Amino acid sequence: MPLPAALAKREFRSTTASQLWERCIVGSLALCSLLTILITVGIVLMLVTQSWQFFQSEYVDVKEFFSGSEWTALQAKELENAKFGIWPLLSGTLRVTFIAMGIALPLGLITAIYLSEFASHRIRSILKPTLEVIAGVPTVVLGYFAILAISPALQFLTGGAFDTFNATSAGIAVGILCLPMVCSLSEDAMRAVPDSLREGAYGLGCTPFETAVKVVVPAALSGIVSAFLLAFSRAVGETMVVALAAGTRATATFDPTQQSQTMTGFIVEMIKSENEYGTVQYYSLYAVAITLFVITFGMTLLGQLIRRRFQESYQ
Amino acid sequence: MSTVPISLTDQDPVAMTSNSHRRKRNSRIFYGLCVAIACLSVVVLVVLLASIGFQGHTRIRGDLIKNSHSELNPDQAGMRPAIIGSLAVCAICALAALPLGVGTAVFLEEFQPRSKPMRWLHGFIQLNIANLAGVPSIVYGLLGLTVFVYMFNVFGQIKVNESSGLELFGVQHYYQILSLEPGQTVLVPKTDMTQKTFKVTEPIDGFDAAGNPIKISVWNRKASPKPTDKQALRQTVKLGAIGGSYSKHAWYYFRLPFGKSFVAAGLTLALVILPVIIIASQEALRSVSPSLREASLGMGATTWQTVRNVCLPAAIPGIMTGAILAMGRAIGEAAPVLVVLGAAVAKNSGPQNLMDSVVTMPVLIFNWAGRPQDVYQEISAAAIIVLLAVLLILNSVAIIVRGRMQTR
């Protein structure tokens, strides 16, 4: 009886070579994933070294940077007169962000409750794609929408109390931008709540409202809070909307009808002004960016940790 | 012993009915509120699309995709260089981000480590990726500006009309000198890079405008009459003619640092969408049934063979969907490109070589939308419609791919 062809030929491949090859592959894949750490390190390194240059400058006072209420990096003709106090930019960012959160959080949460608790299959099939489309709209388009429609509408409704560029219209546009994110993350969290909890609540005589608000939302709270934090950090880092709609004057007020340059808005403005590499103004970019990065990174990290740490698991 | 709870003995029927009425009413009100707010998001989308369509519909015409940006003649301004630029930037972005993203996802999903420190590293990378997804895109823009455009200034700065940095290949430097034939020039190879101009004193080897090697002769006005032959005129320059610097770039021109080039912009966008691609690919790989994987391992395949022959083919529709959605994000992303390339939009063609600057669609829209004139407001709305159309096409492709995956 003849041997099978495979055994007769005995053309086996070398295992040593293929093991070596396998090692190489695993090594290169590991390098790929180490690159993601390298990116983080690169960001931190860049921000720290470049903003170090900024704080080293004789025109910059570190104390003034954190407490000063004037930011005139671009407006000042002479470098000696330029004031570098982060507070106006920070307050501009916070104004826009709080307005945005005031819109995105309640609306997003209620839409998420509706989607996960009440909506029929047909309504879901309309609402979900709508939210996905809003999430996919480029931010520059929403910025354009803010100056095209929201700002004139605000001026019309209040009889011209708002500036052409103001914090509110930018905030509303950023809110629209964050809404799908809040909604989908919260909905995921609520869908993960097992039906037995809902059935228990209904069995005790709760109305649908009470079931949703007193049982499902608390059970999904960690996911919802982390969604809020992620949306907050997204709103803080949002650029194109505020660059178009929030104006270019850095103001330290709480008045939402005024112009308010944000940190990201300043970065764009500085890039547009095309300052030379190496000037104090150029390095001020990085000082603003490191503030921005610390805030958003902290928020995101907190959101991730809350989601991991406090996730309720129902098995 | 049997004391009945007070709530069971002391029941006021009126209060109970009113209480339950109130609760039911609250519930109905809440339901109505939910429906109204859910409808609001549909209304917002409709208003958004309608207002932009209304503003821009008159400008949707041939000029928009045939012409380039024009300061003098905004009526005819178009976005052709921006469309080409966006595609070029996205091509670089996909080339860089896809292999890296899928590679990272495969490593994280398929090669689960066993030792404790490695497991810790694994979890750390995972957390890090989630954090990177939350970093504002403008910070990536600054990273691109520092690392790709200036490279921490290690190689020196790039200045206009100056050969700078470390030019690796694809460039030749010449002096350009006017020949006797009007409008024609000859080129003399540059040897000393610091010397900006060159004075012709004796016959020298050079090239004509088409790049053919020629012998350049010198005509001395006082010594001899002007040559009459056309061929000779083209190859002759005046004695003492001065030539300025001129560089010829091949399409593969490459230098360090990258400067404000579309390669730098594409790599920056790759950083922005890398976390998105990693997370999507991880989910696609996770949804591959473990039985397939175990069957392959049981047949004696190594882990990498399993990944290559079983997991990746099964996960490819999911990975593609995620990648296409990420590309949609990259096309619409303005902030990092703006930071890397600057806000200038006066460019009338696509990129000529790897180190050439480009305009992208979102940057052009940003520039136009920031101008107060009505004309620019209208064409920026039209440009937005074109951008949204491109995104729509991309997303439809993603939906088709997803549909295919589900039918399998």
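Is strand β2 (residues 185-189) of chain B mostly covered or mostly uncovered, and how many of its residues are buried? Strand β2 of chain B is mostly covered, with 4 of its 5 residues buried; buried stands for under 20% relative accessible area, exposed for over 50%, and partly exposed for the range in between, using a 1.4 Å probe and protein chains only.

1. Basis of the note. This is a predicted model, in which local features need pLDDT of at least 70 and side-chain atom pairs count only at pLDDT 80 or more, while totals for chains, interfaces and linings use all residues. Residues are numbered from 1 along each chain as its sequence is written, chains are lettered from A and ligands numbered from 1 in the order in which they are written, and side-chain values use heavy atoms, with hydrogens and water left out.

2. The sheet of chain B. An open sheet of 7 strands has the order β3-β7-β1-β2-β4-β5-β6, with mixed pairing. At its edges stand β3 (198-199) and β6, each with a single partner strand, so one side of each has no neighbour in the sheet. Strands (E, at least two residues) and helices (H or I, at least four residues) are DSSP runs, numbered from the N terminus, and two strands pair if DSSP finds at least two bridges between them.

3. Neighbours of β2. Strand β1 (residues 166-178) of chain B is joined to β2(B) by 5 bridges and runs antiparallel to it. B:Leu178 has B:Thr185 as its bridge partner. The two strands form a hairpin with 6 residues between them, and B:Gly183 in the turn has a positive phi of about 80 degrees. With strand β4 (residues 204-208) of chain B, β2(B) pairs in the antiparallel sense over 2 bridges; here B:Leu187 stands opposite B:Phe207.

4. Strand β6 (residues 236-238) of chain B runs parallel to β5(B), joined by 3 bridges.

5. Salt bridges within chains. B:Arg286 forms one with B:Glu109, the closest N and O atoms being 3.2 Å apart. Because B:Arg286 lies in helix α8 (residues 262-286) of chain B and B:Glu109 in helix α4 (residues 80-110) of chain B, the pair ties together parts 177 residues apart in sequence. B:Glu109 is buried, at a relative accessible area of 15%. B:Lys215 and B:Asp205 also form a salt bridge, with closest N and O atoms 3.7 Å apart, and both residues are exposed. In chain A, a network of salt bridges links A:Arg124, A:Lys128, A:Glu187 and A:Arg191.

6. The interface. Contact (heavy atoms within 4.5 Å) involves 75 residues of chain A and 76 residues of chain B. The buried area, meaning the accessible area (1.4 Å probe) that two parts lose on being put together, summed over both, is about 6,600 Å² between chain A and chain B, and carbon and sulfur atoms give 79% of it. A:Leu29, A:Tyr144 and A:Tyr277 supply 10% of the area that chain A buries against chain B, more than any other three residues. The rule finds 1 salt bridge across this interface: B:Arg23 with A:Glu210, the closest N and O atoms being 2.8 Å apart. Helix α2 (residues 15-56) of chain A gives the most to the side of chain A that touches chain B, with 19 residues.

Terms used:
Salt bridge = Lys/Arg side-chain N within 4 Å of Asp/Glu carboxyl O.
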